[in-house]
Amino acid sequence: MSIHTYERILICTDGTKLSDKAVESGLALAAALDAEVVAFTVLDYHLHSYFEGTLALTIQETTRIEKEWREKAQARLDLIVQKGHTRDVKVSTALGQGAVAEAIIKAAKKHKSDLIVMASHGRKGVARVLLGSETTAVLTHSLIPVLVLR
């Protein structure tokens with residue numbers, strides 16, 4: 001019996017406390033396996049109320065807000081790089097855009113990851129139906145293993 005080892009782990013974050021736990025677990029696993037990490041987050045602009053028709057924004061305001069979101073996302077990823085450094089784990093970063101599950105799967109393929117680590121927010125019932133489950137979509141469509149943490 002051979003034991004599979006992972007060499008490049010895609011760790012997904014959305015900046016929530018639950019995804020922070022997934023980041024910590026993913027980094028611990030990477031350290032134990034001597035694996036590289038790609039820290040990944042998705043800029044999903046269409047989920048934000050700014051663009052739901054409630055406010056009329058100029059192109060300049062929209063550009064400023066999107067730049068702010070990118071900077072905050074990159075700061076989250078840079079923090080993972082620092083955390084990886086303290087564990088002697090090599091971490092690179094990547095930003096995706098668009099549909100979350102699709103972006104995660106695409107990033108895993110692009111970065112030749114052999115494991116995806118992500119959190120599940122555990123929504124149930126109507127909330128899950130209305131909001132969908134990005135985790136379920138990744139589990140359903142990913143061709144590589146997915147480690148889901150709660």
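Which residue follows H1 and has a positive phi? Aspartate 34 follows H1, and its phi is positive, near 55 degrees. This is a predicted model, in which local features need pLDDT of at least 70, side-chain atom pairs count only at pLDDT 80 or more, and totals for chains, interfaces and linings use all residues. Residues are numbered from 1 along each chain as its sequence is written, and side-chain values use heavy atoms, with hydrogens and water left out. Helices (H or I, at least four residues) and strands (E, at least two) are DSSP runs, numbered from the N terminus.

**The sheet**

- Five strands form an open sheet with parallel pairing, in the order E3-E2-E1-E4-E5; two strands pair if DSSP finds at least two bridges between them.
- E3 and E5 are the edge strands, each pairing on one side only.
- Direction ignored, neighbouring strands of this sheet are turned by 25 degrees against each other on average. Axes are lines fitted to C-alpha atoms, for helices over the stretch in contact, and angles run from 0 to 180 degrees between N-to-C directions.
- H2 packs on the sheet and touches E2 and E3, its direction making about 155 degrees with that of E3. Contact means heavy atoms within 4.5 Å.
- Helix H3 (residues 100-110) lies across E1, E2, E3 and E4 and runs at about 150 degrees to E2.

**Strand E4**

- Strand E4 (residues 115-119) is largely enclosed by the rest of the structure, because five of its five residues are buried. Buried means under 20% relative accessible area, exposed over 50%, and partly exposed in between (1.4 Å probe, protein chains only).
- In a regular strand the side chains alternate between the two faces of the sheet.
- From E4, Leu115, Val117 and Ala119 point one way, while Ile116 and Met118 point the other way; all are buried.
- Strand E1 (residues 8-12) runs parallel to E4 and is joined to it by three bridges, with leucine 10 opposite isoleucine 116.
- Strand E5 (residues 146-149) also runs parallel to E4, through four bridges, and valine 146 is the bridge partner of isoleucine 116 there.

**Helix H1**

- H1 has 17 residues and reaches 24 Å from its first C-alpha to its last, close to the 24 Å expected at 1.5 Å a residue; the expected span is 1.5 Å times one less than the number of residues.
- Its buried residues are Leu18, Ser19, Ala22, Val23, Gly26, Leu27 and Ala30.
- Elements covering the buried residues of H1 include E1, strand E2 (36-43), H2, strand E3 (91-97), E4 and E5.
- Serine 19 lies in helix H1 and is buried, with a relative accessible area of 3%.
- Not counting residues up to four places away in sequence, serine 19 touches Cys12, Thr13, Asp14 and Ala119.

**Packing of H1 and H2**

- The axes of helix H1 (residues 17-33) and helix H2 (residues 59-86) come within 10 Å and cross at roughly 35 degrees.
- Val23, Glu24 and Leu27 of H1 meet Ile80, Lys83 and Gly84 of H2 in this contact.
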